[in-house]
Amino acid sequence: MLLDSIREKVRSGERLTFDDGLALFNEPDLLAIGQLANEVREKRHGDRTYFNRNMRIEVTNVCVASCLFCSFAKLEEHMPGAHTMTLEEAWKELEDRKDDPPTEVHVVNGLHPGLPFSYYEELLRGFKRIDPKVHLKCFTGVEIHFFAQHYKMTYREVLERLVAAGLDSLPGGGAEIFDEDVRKRISHDKATADEYLEVHRVAHSMGLRTNITMLYGHIETFAHRVDHILRVRALQDETNGLQAFIPLAFHPDGNGMKNLPAPTAVDDLRTLAVSRLMLDNVDHIKAYWVSLTPDVAQIALRFGADDIDGTIVHETIYKAAGTRSPGALGYDELVRLIREAGRTPIERDTLYNVVREHPKARAPEASMKVRDRKRALEVLS
Amino acid sequence: MSQLRVIGVEYLNARPLWEAFRVDPAKPEERNAIAADVDLRLAPPSELARALAEDEADVGLLPVAAAATMGELRLLRNMAIGARGKVRSVAIVAERPIHELESIALDLSSRTSVVLARLLLARRKLSPKLFAAKPDAAIAGIGDRTGALIIGDPALLLEKRYPYRLDLAEDWFEWTGLPFVFAAWFARPDAVSREQEDLFRVAKQKGLARTDQIAAEHAARSGLAEESLRSYLTESIRYDLGDEELAGLQRFWSEGARAGLLPASMPSFEEPRRSASRPSLDTLLSRAADGERLSKAEGVRLLREGSFFELGLAADAVRRRKHPKGVVTYIVDRNVNYTNVCTTSCRFCAFYRPVGHAEGYVLSREVLGKKLQEVVDAGGVQILLQGGLNPDLRIEWYEDLFRWIKSEYRLGLHALSPEEIIHLSQLESLSVRTVLERLHASGLDSVPGGGAEILVDRVRRKIAKAKCTSSEWLDVMRVAHHMGLRSSATMMYGTVDTPEERIQHLVKVRDLQDETGGFTAFFCWDYQHESGTHIAPGDNGTHLYLRTQAVARLMLDNIEHVGASWVTQGPAVGQVALRFGADDFGSVMFEENVVSSAGTTFRIGAEAIERRIHDAGFKATRRNVRYDWLTEPV
């Protein structure tokens, strides 16, 4: 049986092929795939499960791109709902967290045609002034590509100026699906797959670490997902600069693909598990709880994921697309989610250095107390 | 040394083993040395197993079938109630040879005898219809082609009455060449020291020395001949438990396990934890996946120690074996809570209002009619009608309502949980049977399994003081099943309950199912803690839910269906639960007031349910309350 030969390969450390990936996506026995992904995950990380204290700041939703899956961006500045923060407003977000400072600020924006490049440099400088230790994980590959075009620089020049202003790493957003045909249909007017990957290649060559995402569950096929994952693997072979791969579930509310249903939990778990099995050269697979809901993210910790992202605060992109997840999970709630899954919660910084290791719950998974689960699950109105 | 809590049965043949522990109320000064160390309680056999399982007793004179069901008990040496050859007090009697019988009534008071009877019939390749009956009814029902399994005094009284008689212990001996052990002293792990064990041997010596008096006393009470009783106690019954008896016991347990009637526990004189024969978790899981019956102790081990995937895969294997076509069902129905006025004040409930409260309501016919019409219009097939225990609503109100619903809307009526039936029986001073018969005659189709919570009285007293006891709940289901009504079984865990108590709940459900076969499906969920409820949540979480459901699938080998409770867990976890033993996705509901008062507001339609079923790798179809497919699965 195909699954048996895949299991053999995984156990002997042999790389999986495109066909293996496709077979895994088509295998009905979800638990068999999960168990195998879990083996790989536990071999790499044991019970260790990472999370961080981060905050999201989206300084502008004005965007020249018109992606079909996006419920967040507004095309033009004067349209109702369009909003761009002043630098002071953006900095205040971090200042307001003085009592509970995040270790990471994660900035993702629309592609705004009317701001000077210095706005972004100042933005970063200001954050570092407020907290010199805070890690700035800002601007997706798509934004870097847009900056290069718009301000007439090379990727390297853009990145060098941002690093000089305080940039520490790049987030993984904007990867969507690399396949050219799908990409043309869902996001035709932003960085192509090659351009996106090139930004990461350059970033890695400069010593910056990055993540890469995959937006699944819309019009793409399983083959497109496997292709996407393999392009990530190829880049990592070349640069070894990726920290985490993050599958993101498509959410349909309020965007150009609202007639499509969101992927189901089984698809979410399968995608995470296949990612873990295919990406033998990437350390971390992240179950982004905002996209999955905390319940599914928790189960995902048995399906190959070893990271559950952070406390977030102020997530607005998925919220606009109708996720059932709350906007933020408290630190203690994240620790509890991880413990109830029988794992050891590790607070990390952006580069996966250990900030604090929490004790694992005492052995039997069945005797743990998880209070406030429903609070964490409260549906956003 | 603290007093040992010992529990025995009142049967004549058991008296020699416990009589020395008894303090004669007439002569308390005669309280002897061994009685002082023991707190003896006498109870019916079914109560014995419960008391031992729920830690209300340390040692019980347990029938061997019940001991196998519990597992991990220690057997005390040298004492038992058994027979080598004819026992006289356990027999199938009939007017014709056994192989000509079409049906046999079973006195269910002795599970051990019932299992033995089934084994002996199976060995002869006989498969008469077996049905439960009270002893008097069983005897009264003996006819041309109907026999009866009779036990105890009735069997002795009617020893010469019927031309054909199969003495079960004698037949067992002919089959196996081994004695048959009916009951023995079983102790909870580490509850009895070796010195305390001696008390039981001393008691047996004293008891056997008094068999003449015991026979005389029983003769006076029962009208049986004294001489016959004396020979019964001294010749038919054997009180030893030596190598041969142990071999007989082992043979019975393994034959019972092979037939799927008993867990494959093996008796031991050693403390179970140190027993070398304790199977590994892997062995347990593969046995369970193969459909073997698990004991209570084995279930507790799986719930505590089983790994996430192994539990899931084993439960999935059971699901596949029971439902090889890969079909997951769901029902289109509506939960109507006809009143929120309730007298029980359960601490986990945010829905109820006390009598006289301004927010109390009883739905009018007009409102109800509108709701029912919507169900009909949406292609629904039944309504689930439940409510509070409202003392203003008399049985006639329900009868009128049911008749009206049946005549106007022709929907299936899945109505009134056991708690409501008991409430009506008390309100009207009618028996549970009469209440059920009247409601059934007015249109009741099936009984929902709500209100089971955890069927262990310690838990019930803490979370729902005013509610019925576990045995009352089970009795309502027993009566309903015997009338031909079907019901579901549920479990709400995650308050003050322990893993042992959750498994005890499953065992009670399984035992009743052995008896009646009336449960169609099992659903479980965790306590939904939210404002308006008054107990802190205990064990809960998505992993625990999936594990619990998987263990339930493994334990409940005699229940056909397990349903995922997406209404409480959310559709995502509900979908994953389809790989943890569930073959049903519950209902597309319009509303579910009790759970939604506690803040859970999941709501999805039929299309979304079917998509989840397909995506999990199954075909989907709609069902009715009896789990018949209403359409060809797609």
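In which hand, right or left, does helix 19 of chain B pass helix 21 of chain B? The legends below start there, and the model behind them is a predicted one.

**View 1. Helix 19 of chain B crossing helix 21 of chain B.** The crossing is right-handed. Helix 19 spans residues 432-442 and helix 21 spans residues 470-482, and their axes come within 10 Å at roughly 50 degrees. That angle makes the two helices oblique to each other. On the helix 19 side, look for B:Val432, B:Arg433 and B:Leu436; helix 21 brings B:Val476, B:Val479, B:Ala480 and B:His482. Sorted by class, this contact has 5 nonpolar, 1 polar and 1 charged residues.

**View 2. A:Phe139 in the largest nonpolar core.** This core has 222 residues, and A:Phe139 and B:Leu436 touch the most other members. B:Leu436 also turns up in View 1, as part of the helix 19 contact. Skipping residues up to four places away in sequence, A:Phe139 touches a set that includes A:Val107, A:Asn109, A:Ile144, A:Phe147 and A:Pro171.

**View 3. Helix 5 of chain A against helix 7 of chain A.** Here the axes of helix 5 (residues 117-130) and helix 7 (residues 155-165) come within 8 Å and cross at roughly 35 degrees. The class tally is 6 nonpolar, no polar and 3 charged residues.

**View 4. A:Leu301, a buried loop residue.** A:Leu301 sits in the loop between helix 13 (294-300) and strand 9 (307-310) of chain A. Its relative accessible area is 0%, so it counts as buried. Neighbours within four places in sequence aside, its contacts are A:Asn38, A:Arg41, A:Thr49, A:Ile308, A:Ile338, A:Ala341 and A:Arg343. For scale, A:Thr264 is 37 residues away in sequence and 17 Å away in space, C-alpha to C-alpha.

**View 5. B:Arg319, a buried arginine in helix 15 of chain B.** The helix covers residues 308-322. With a relative accessible area of 3%, B:Arg319 falls under the 20% cut-off and is therefore buried. Setting aside neighbours within four places in sequence, B:Arg319 is in contact with B:Gly326, B:Arg553, B:Leu578, B:Arg579, B:Gly581, B:Ala582, B:Asp583 and B:Phe618.

Notes
Residues numbered from 1 in each chain as written. Chains lettered and ligands numbered in written order. Predicted model: local features only at pLDDT ≥ 70, side-chain atom pairs only at ≥ 80, totals over all residues. Heavy atoms only, no water. Axes fitted to C-alpha atoms, helices over the stretch in contact; angles between N-to-C directions. Helix = DSSP H or I, 4+ residues; strand = E, 2+ residues; numbered from the N terminus. Parallel < 35°, antiparallel > 145°, perpendicular 65-115°, else oblique. Left-handed = near helix turned anticlockwise from the far one by under 90°. Contact = heavy atoms within 4.5 Å. Nonpolar A, V, L, I, M, F, W, Y, C, P; charged D, E, K, R; others polar. Core = buried A, V, L, I, M, F, W, Y, C linked by side-chain atoms within 4.5 Å. Buried < 20%, exposed > 50% of the residue type's maximum accessible area, 1.4 Å probe, protein only.
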